[in-house]
Amino acid sequence: MAVESTVLVLLTIIGAATPLLFAALGELVVEKSGVLNLGVEGMMLAGAVAAFAVAVTTGSGTLGVLAGTAAGLATAFVFGVLTLTLAANQVATGLALTIFGIGLSALAGAGFVGVPVTPLPKLDIPGLSVVPIVGPLLFGHDAVVYLSIVATVAVAWFLKKTRGGMILRAVGESDISAHSIGYDVIGVRYRAVLFGGAMSGLGGAFLSLSYTPMWVEEMTAGRGWIALALVVFASWRPWRVLAGAYLFGGVTILQLYAQGAGVGIPAQVMSMLPYLATILVLTIIAAGPWKGRLDAPACLGRPFRPST
Amino acid sequence: MTARVTRRDFVLGTAATAGALTVAGPRAFAAEATKVGFVYVGPVGDFGWTHGHDLGREAVEHHFGDKVKTTFVENVAEGPDAERVIRQLAAGGHELIFTTSFGFMNPTLRVAKQFPKVKFEHATGYRTAPNVSVYNARFHEGRSVCGTIAGHVTKSGIVGYIASFPIPEVVMGINAFTLAAQKIRPDIKVKVVWVNSWYDPGKEGDGAKALIDQGADIICQHTDSPAPLQTAEARGVHGFGQASDMKAYAPKAQLTAILDDWSDYYVKRTQDVIDGAWTSQSIWWGLKEGMVKMAAYGDAVPDNVRQAADATRDGIVAGTLHPFTGPIKNQAGEVKVAEGATMSDEDLLKMDWYVAGVEA
C-alpha cells in the first residue's frame, strides 16, 4: 500500500513539474543568449489555448501539441522583432507580452470554455506499463512527458558540447566580442528566443491537453513566473532546471498530500514550503563553496545594437 | 454595451485616463444611461464564481437595454489594486458598483466614503455603510443538499474537499456539508485540502488527485475552476460542480452542482438606483429566493437519493429544516449547538470552528 501510494504521489508530481520544466528550459536557452524574456506566462497561455482549440477542432492531440508549440513560437517572434530588431527594452516588452498573451488567449479561447477535450493518450507499452511500480512510473505517461526529459538532455548537450551552443553562450557572455569575431549576434538571439517560445508553448499545450485537459482563462495561474524563477534557481544549468522543476512540483504536491493525511501543520505554512525550499536552495548555492558561480550570462537583458 | 477591461489595462491606462475622468465628473455620462460597474476577482471565463456574476451582469444588460450601460473589470487582485479599480469606476460616472469578492470589502468601504453619491454593493462581506449594501447567497444550503447526496453515494465514507481560504463562508460550507452527510452516514470523514487560491486549475486538480489517492470517492470544492471535478471524472469517482453547471467537464462524475443566480438581485438593485429607491441593506438569500439553485441530478444519483436530496432542499425552502440544527459538536467533541437549537445568521457569519468529522 505504501509503495502504491508513493507511486501515485510521484505520478502527480511528474504532472505538476512537466509544464514548469518545458517553460524553464526554453527560458534558460533564451537567457543564455543574453536575452531576458519575461513573457513566459503569456507564451504559455498562447500555447495552451492554441493547442486546445486545434485538438478540439481536429480531434488530434498531436496536431494540438504542434499548434501550441507554433503559437508559443509566434508570440516569441513578436518579442524578437521588438527587442532584437527594434532594440526595445526587454523587461518592458516581456511584461507586455505576458499581458498580451493573457488577453489574446482569453479572446481566442472564449468559445472553448466548457468544451470537453480528449486528453493526450498515455503511451501504453504492452507488457511494460503493467509491471508494478516501475510500469506506471516509467511507461504510463503521454509522449509529451518523455519529450520534456529528452529536451533536457538535448539542451544540456547542445549548450555544452556543440559549436552552436558555444556560440550561443559566447553571444550571451559578450555580445560585442562575439560580433567582432564575426558571429551573427541578432540571428543567434532570434533562434534562441524562438526556441524559448516554442518550449513555453509546449508547456502550455501540456497544461491544456494533459495536466488539466480543459481551457479556462489564465489557467497557467503564474506558472510562467515560477519557470522564470527556476532558471535563476538552477543557475542557468539544464540539469538543475530539471531538479528545480521536480523539487518545486514535488514540494507543492507533497504538501497537498500531507494536508489530506491530516498532518497538523497549518495549511498556510504548507503553501509556503515550495517557495521556502526554493529560496533555501538558492541561498545555499550562493553561499556555499560554489560561491560566485551563479553564472548569470554577462549580457543578460542588454540590448545589442551592431555598431556597423 | 459592455466595456471589457482587464486589471492590467487599468494599471497601464490609469496615468493616461485619470485626469480626463476626474474632469468629466460623475454625472457627465449618466444623462443617457445609468452606468453600472462590476469588479471581478477572476476572469469571466473561469466557468465558476466570476462567470456566475457575469451572467448576472448580462441579465441587467438584457433587462434594461439602452437604459443601462455596464462595465466590468476582471482579474482584480484583492487588496490595494482593488481600491484603485473601484475608485476609477466611481470616478468614471458609475452610479452603482458591484464588488464581487470578500477581499474587496475594505477597499469598497474606503472608496464609498469618498463617493457618497455612488451606491456600492459588496458580495459576501459583512460591513455596510449608508451607500454600501452587502449581499450574499446561502451557498451552505446548497451544500446541505450535496451532503445528503454524498452520504448516500459514498462507499469509502471519505469525502475530499478542495478549499480556498479558511474564511467563515468556506468553513460554513464544509460544516453544512458534513452535517448533512452525517445524517445519512454518521461515520463519514471530510478531508480538507487548502490550495490557498480561489483559482489555480492545476493545483485544484492536484489537490483532488491527492485526496482521491487517500481514499476519497466524493470530491467537493470551494474553489472556482472545474479542475477538481474533472479529476474526479478521470479517476472514476464523483463530485459536485461549483457555481456553474460543470456537467460538460464531468458527465459521469457530477452528482449535482450548486448554482449561483445573481440575475434577479442585480436587476432589482439597478432598478432601485434608476428609481432613486436604493437604500443600504444587508441581504442573505438562499434556495428559497432562488439565489442558490441546484443543477439537474447526474445519472449516478439513484431515485431514492434524489428524493432524499429533494426533501433536504424543500425543507430548507419551507423553513422546516435548518442546516445547522443541534446537537452539533466541534472537532474536540464539545457541544457547540444544543439539541434542537439552531445557529443564528450572526454566528454562522463568523464561524471559525469545524464540526466533528471534518479533518482540516
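The model is predicted: local features need pLDDT of at least 70, side-chain atom pairs count only at pLDDT 80 or more, and totals for chains, interfaces and linings use all residues. Residues are numbered from 1 along each chain as its sequence is written, while chains are lettered from A and ligands numbered from 1 in the order in which they are written.

Helices (H or I, at least four residues) and strands (E, at least two) are DSSP runs numbered from the N terminus. Axes are lines fitted to C-alpha atoms, for helices over the stretch in contact, and angles run from 0 to 180 degrees between N-to-C directions.

| Helix pair | Angle | Axis distance |
|---|---|---|
| α10(A) (223–233) and α11(A) (238–260) | roughly 130° | within 9 Å |
| α1(A) (2–32) and α11(A) | roughly 145° | within 8 Å |
| α1(A) and α9(A) (185–211) | about 170° | 7 Å |

Angles under 35 degrees count as roughly parallel, over 145 as roughly antiparallel, 65 to 115 as roughly perpendicular and the rest as oblique. α1(A) and α9(A) are therefore roughly antiparallel. Their contact (C-beta atoms, placed from the backbone, within 7 Å) includes Phe22(A) and Glu27(A) of α1(A) and Phe206(A) and Tyr211(A) of α9(A). By class, this contact holds 15 nonpolar, six polar and one charged residues; Ala, Val, Leu, Ile, Met, Phe, Trp, Tyr, Cys and Pro count as nonpolar, Asp, Glu, Lys and Arg as charged, and the others, Gly among them, as polar.

α1(A) also meets α11(A) in a right-handed crossing. A crossing is right-handed if the near helix is turned clockwise from the far one by less than a right angle, and left-handed if anticlockwise. Among the residues that meet are Leu21(A) of α1(A) and Phe248(A) of α11(A), and the contact comprises 18 nonpolar, four polar and no charged residues.

α10(A) and α11(A), by their angle, are therefore oblique to each other, and this crossing too is right-handed. Ile226(A), Leu230(A), Val231(A) and Phe233(A) of α10(A) contact Val241(A), Gly244(A), Ala245(A) and Phe248(A) of α11(A). Seven of these residues are nonpolar, one is polar and none is charged.

**Sheet and domains of chain B**

Chain B has an open, mixed sheet of seven strands in the order β13-β11-β10-β9-β7-β8-β16. Its edge strands, β13(B) (292–294) and β16(B) (358–359), each pair on one side only; pairing requires at least two DSSP bridges between two strands. β7(B) (158–163) and β8(B) are parallel partners over six bridges, and Val159(B) is bridged to Val190(B) of β8(B). α11(A) packs on this sheet, touching β7(B) and β8(B), at about 150° to the direction of β8(B). α7(B) lies across β7(B), β8(B) and β9(B) (218–222), at about 160° to β7(B).

An automatic or database domain assignment provides the domain bounds: domain 1 of chain B spans 2–137 and domain 2 spans 140–259 + 294–359. Eleven residues of domain 1 and twelve of domain 2 form the contact between them.

**Contact between the chains**

In total, 31 residues of chain B contact 32 residues of chain A. β8(B) (189–194), α7(B) (201–213) and α8(B) (227–234) each give two or more residues to the chain B side. α7(B) supplies the largest share, nine residues. The chain B side has twelve nonpolar, eleven polar and eight charged residues.

How values were computed:
Contact = placed C-beta atoms within 7 Å.
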